[in-house]
Amino acid sequence: MQNIELKKGSAELLILSLIEDQPRHGYDISKLIEQRSAGTVKFRVTSLYPLLYRLEQRGWIDGRWVEKAGQRRRRYYRLTKEGLRVLAAQRRGWLEFVDAINRIAGLENA
Amino acid sequence: MPEHPDWRNEIAIRLASLDLPPARESEIVEELAAHLNDDYHRLLASGTSEPEAREIALEDLDQRPELAETMRGVERPAPAHPIALGTPRRSAAGDLWRDLRYALRSFKRSPGFAALAVLSLALGIGGNAAMFRIVHAALIRPLPYADPDRLVEASNSGYYPPGGLVDLQQHSRTMEFAGYNPGLELNLTGLGQPWRLKGSAVSANLFQILGVGVALGRAFQPGEDQPGRDNLVILSHELWQDQFAGDRHILGRVVMLGGAGRMVVGVAPRSFAFPDPGTRFWIPLHLDPRDPTAYWARGFMPVVARLRPGVSLVQAQREIASLSVRMLRVFPYPMGRDWAAGMTVVPLRRFLTRDLRLKLLVLQCAVGLVLLIACANVAGLLLARTASRQKEIALRVALGASRARIVRQLLTESVVLALAGGSLGVALAFAADSVLRSELQATSNRLGAADSGWPVLALIAGLSLVTGLIFGLAPALIASRQDLAAAIKTGAQRTAGIARARLRSALIVGELALAVVLTVSAGLLIRSLWKLAQVNPGFQPEHVLTLRVAPNESLCRQRAACIALYNEVLRRAREIPGVQGAAAANTLPLSSAVPASAVKVEGLPYVPSEHAAPMFWAGAVTPGYFRLMGIPILQGRSFDGIDGEKSTPVIVVSAATARRYWPRESAIGKHVQLVWEDRWRTVVGVAGDVRQFDLAGHAPDYVRGAMYMPYAQAEDTDRRLPAVMSLIVRTNTDPGSVVTGIRELLGQLNANVPVDELRTMVSLVDESTQQSRSMMWIFAGFAAVALVLAAVGAYGVVSYSTAQRTFEIGVRVALGAGRRSVFQLVLGQSLRLVMAGLAIGLAASLALTRLLASFLYGTSPTDPAILIAVCGMLAAVALLAGYLPARKAAAIDPLRALRAE
């Protein structure tokens, strides 16, 4: 059973990695997650935005209102330097974790 | 992409319970609405029907946990108070800065108010700071000795002889004792002009007990107060600089002090001034048990002690009492039991400042009252001001400023005023310092050096802040609590508010009451000084010049030599042109000196072991003294040439002494004896009473009488002929014109005799009232400031409230009220305030002026004449303050007054 911390941590990891290359707005982020996980992971408004705001408060991401001609203004989030550092660390942690799980699972199967 | 109309509404409803700041809420709503809208249009594009797409999109918003709940952990609710206009973000520093700028701007708009307030406060704060500077230096600053709290003085009620000191040193388990002779004076000769110097003979351990080192050389070492090893001296820093030019090779040099050679072993540090600042040298005591008279019967001195570790003051007090009683058995002669009865120890600081403490505390309280008056005054001014700013305040409240915000703004203003007043006060304090100091210096030489300004600056800063908060708080609270609608609608004129009116009246009543207390005090001191000036000192001071002639004591070891010297001085002085007569005496009247000797009075039972013998003030005067000083001989005769060294010993007693000891018979022919003598001295005359100690007639209470001995027959407490005498010359011209002649004469007779303390008897009388005069002037100054402040305050409150009532008065006049009744109406208002102020002030005065009793002469602290005079004066001042507004009110034009509304 995955614990809460892990789940929380993984959600953060997902968001941070999605905006690593380019700034994205909330809807964009939620759709990308849904698409790339083929519908397995789905973020709802009620959990996505509080998480975004929290990450912003921590200074890992930075939200800015952007107006494009003919469109309503949207809030785009990009990774801060601090966020970049956190992302790297979380990636490492995740890999180690997955690696450990695999090894345990592998041992049990053998 | 058009937005579905009700996303925002749906989101806002779900966020409502969070109570977010409006700006933040709308931001979130916008972002989430965009999300839902995107989803909605995606669904539409994929062929979902509109209602269904809306349903699905909204479903996303209604997941559990609810939006409000997940947001709550991230977003902060809005502050409880709405934000005042012009303060977009809450930051304490920013608010303060804004408040400050706002305050300064508003003062710029009403400079008269600001100047008056700052000046009032500067007077109050400055006076307090100046006084505190002196109090701090004298009473608070630690004594400049090591661990000064452990030092005690063991001579509160009596002195110990040298043998007693040694006895204490040997037997005390709670304290280590050192003795010092405070009144020693010796001649420094051999350096050109001879100098009479004040010094102290001290036990060898004094420096060690005080924990003070020397600046150069060494302190005395144990045993150096024993005979044969005691011909040493330590110089004060000042003496070293003045007479020896700071010569660093002074150590080991022998100087002539009191006619004997003493080797310089050390120089004291610059700041060292024990027992008092005039001390120029320290020599060891001469503790010689082989000479029982010198060891047990002479040279009684105060002793200072250091508590041993862990010993409390109470333990030390208990021990000194029992040691003193035990010591009675050690005396080689019967010592009065009452000598030991009062022996105790007190903290050294308390002992050193005993004559100063009450006076300084009374003055500090008085100046504290001045500050209170200033505060009340400024509070009154602020109240008036907030009243006229009511509209402005109401507007700010209407625009969303909270009550706390308004109070803070107003408090900032008052603190800014107080700080400005404080800064100006600093300047005043430092200017007043020298004035106060010189006024007080006459009282005591223990004021100590001026402080560095730091404690005072700290006090001023603290005082300013506290006063600013105190006088600003009430007006601010009242101003902030008002009826918005009423204030905006009707303007500033008629919503004065009962609370404000009451507070202003209370402030004025308080101010007047405090002013009454100060004015009564000043009045009492003035009356006391006036009484003092009326005192007949018992002699005629006009045209009398005095100077002190101070040969070494050793000169008088042969009595004949001394007698001959003074005979010759007087004979030749009388030959100087302008001199009418000349005489000599061991002390001058009003000089605060007490040449007291223990006596036996014939017929008075004297049991040595019960009581110490009565002490008489014992004058030694040359023939012609009484006539020269204008002291009347009431009975019998004065001295003349026949009362020589070998003839029958005679004395003249004062009238009070004669009354006291021989109330029903003539004193002539009665006998008095110095306790150590075996011959009786016969009373041959009764002289008029003279204020020997001071003009007010104080004298130490152990002095029970006064007698005069002819110089040739005199003995001082050390059983020697007094060597140091004051020469008294009556001139028929300006006393100053004969000074040169007398100096020359003395120089010719003996070049090694210093001559000093040259002054006229008139100036001596003047000096005797100096203490009362300084107190009087300081209080008069305080009272004047208090009166001005109270008058300004009363004027302000009455004229302000009259202005407030312009409308009402206009109505009255329109309805037929005469000018006269309007005048009375307004004046009546000030009268009520004055009456209340006077009543409270008088009651307070009766309670407080008792503190002044010890500074008064011939004046009761409740002197009715003064109380009445002060009431009259204050009433006059306050009525004057009420008169102007009353006249203005009487002149109100009803038409204009009514139209103005």
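**View 1. Confidence in the predicted model, with attention to chain B.** The mean pLDDT of chain B is 84, and 93% of its residues reach 70 or more. Over residues 81–88 of chain B, however, the pLDDT is below 50, although this stretch has 17 contacts in the model beyond near neighbours in sequence. Residues 491–496 of chain B also stay under 50 in pLDDT, and for them the model has 16 contacts beyond four places in sequence. For the model, the scores are ipTM 0.90 and pTM 0.69.

**View 2. The side of chain B that touches chain A.** Here 17 residues of chain B are in contact with 14 residues of chain A. Helices α2 (22–45), α3 (50–61) and α4 (67–72) of chain B each supply at least two residues of this side, and α2(B) gives the most, with six residues.

View 3. Strand β19(B), which runs over residues 703–710, is mostly covered, since six of its eight residues are buried.

**View 4. Helix α11 of chain B, with its buried side and its exposed face.** Helix α11(B) comprises the 15 residues 313–327, which at 1.5 Å a residue should span 21 Å, and this agrees with its end C-alpha atoms, which are 21 Å apart. The residues B:Ala316, B:Ile320, B:Leu323, B:Ser324 and B:Met327 are buried in this helix. They lie on the same side of α11(B), because they cover an arc of only 100° around the axis. An α-helix has 3.6 residues a turn, so residues three or four places apart point the same way. The face of α11(B) turned away from the buried side carries the exposed residues B:Val314, B:Ser322 and B:Arg326. Among the elements of chain B that cover the buried residues of α11(B) are the strands β1 (151–153), β2 (175–189) and β9 (303–307), together with the helices α7 (162–171) and α12 (337–341).

Note on methods. Residues are numbered from 1 along each chain as its sequence is written. Chains are lettered from A and ligands numbered from 1 in the order in which they are written. This is a predicted model: local features need pLDDT of at least 70, side-chain atom pairs count only at pLDDT 80 or more; totals for chains, interfaces and linings use all residues. pLDDT is the predictor's confidence in each residue, from 0 to 100. Two residues are in contact if their C-beta atoms, placed from the backbone, lie within 7 Å. A residue is buried if 20 or more other C-beta atoms lie within 10 Å of its own, exposed if 12 or fewer, and partly exposed in between; C-beta atoms are placed from the backbone. Helices (H or I, at least four residues) and strands (E, at least two) are DSSP runs, numbered from the N terminus. The expected span of a helix is 1.5 Å times one less than its number of residues. The arc is that of the directions from the helix axis to the C-beta atoms.
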